[in-house]
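Morning, everyone. Please have the sequence and the structure open.

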Amino acid sequence: PPPMLLPAIIILHDAGGLDLYEQQRATIIAQQYGYAAFAADVFGYYAELPPEDAPWAVRGAFSGRYTNNSTLFAQRIQAAIDHVQSMEFVDASRVGMVGYCMGGTGVVHYLNVKGEASESKSESDVPASPPLLAGAVGVHPSLLGEGPGPVGTIDIPSLHLTGGADFLTGPASMEKLEEDMNAGRNVNVMAPWETVRYANIFHGFSNWFAGENYDERADARSWHSQMTFFEEIFDGDVTVEIPEADISPQEVAYVD
């Protein structure tokens with residue numbers, strides 16, 4: 001029999017570029033969940049990144065080439081999706097994506113630019129192209145500024161996990177995100193979106209190399225939410241069995 005095709009998850013890096021953190025996340029996904037995992041380099045292998053001790057104005061200008069250009073950012077992400085979907089051991093219809101920090105910003109840009117699903121029918125003998133993406137997760141993205149809204153409909157389910165004390169995802173930014181997700185929602189396609197906020201949690205809470213901003217509890221809870229999301233979109237909705245209960249009236253004795 002032909003080998004079983006695997007679901008796959010693409011990991012998008014933060015503004016510091018692809019490094020050990022994203023590689024470790026990919027390894028955990030592959031070893032513990034049995035999915036194919038691919039850590040994408042949005043900047044490109046030959047890109048010369050500013051040094052880590054460079055002023056934020058310099059580092060921000062470099063990453064801003066993508067965060068301020070949603071079309072370019074989405075194109076780079078699409079290249080990673082195309083590559084993973086072409087792998088012979090990957091089920092092209094079950095490819096998801098998670099982005100951290102700048103990568104989470106990329107998730108939002110991608111949904112706005114390329115969130116519309118491919119045609120599911122083909123009138124010729126050529127098979128229809130697979131959906132662009134099964135689902136996407138953004139973890140502590142940077143959502144400052146207005147940013148462009150959705151170009152078309154958004155047919156891709158998404159989950160956005162943010163810190164309640166993260167200035168990069170303040171109330172106004174989250175309101176804009178939810179407005180975009182609602183504005184782009186296709187009423188004919190089941191593509192739900194969710195946002196989760198963690199009280200008193202700062203930016204970069206999931207990155208164990210982030211020093212004081214790392215929060216073990218928020219990291220664990222966001223990871224559980226993320227992987228449950230992927231399990232649902234890859235394997236179907238998770239059902240909850242509700243046991244039969246005695247709902248007859250009960251007398252309770254009390255004294256005022």
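What does A15 touch? Leaving aside neighbours within four places in sequence, A15 is in contact with F43, S63 and M102. Contact here means heavy atoms within 4.5 Å. This is a predicted model, where local features need pLDDT of at least 70, side-chain atom pairs count only at pLDDT 80 or more, and totals for chains, interfaces and linings use all residues. Residues are numbered from 1 along each chain as its sequence is written, and side-chain values use heavy atoms, with hydrogens and water left out.

Where does A15 sit? In the loop between strand 1 (6–12) and helix 1 (20–33). Helices (H or I, at least four residues) and strands (E, at least two) are DSSP runs, numbered from the N terminus. A15 counts as partly exposed because its relative accessibility is 27%. The cut-offs: buried is under 20% relative accessible area, exposed is over 50%, and partly exposed is in between, using a 1.4 Å probe and protein chains only. F62 is 47 residues away along the chain, yet the C-alpha atoms of A15 and F62 are separated by 8.6 Å.

Two strands pair if DSSP finds at least two bridges between them.

Take one pair. Strand 5 (residues 158–163) and strand 6 run parallel, joined by six bridges. L159 has E194 in strand 6 as its bridge partner.
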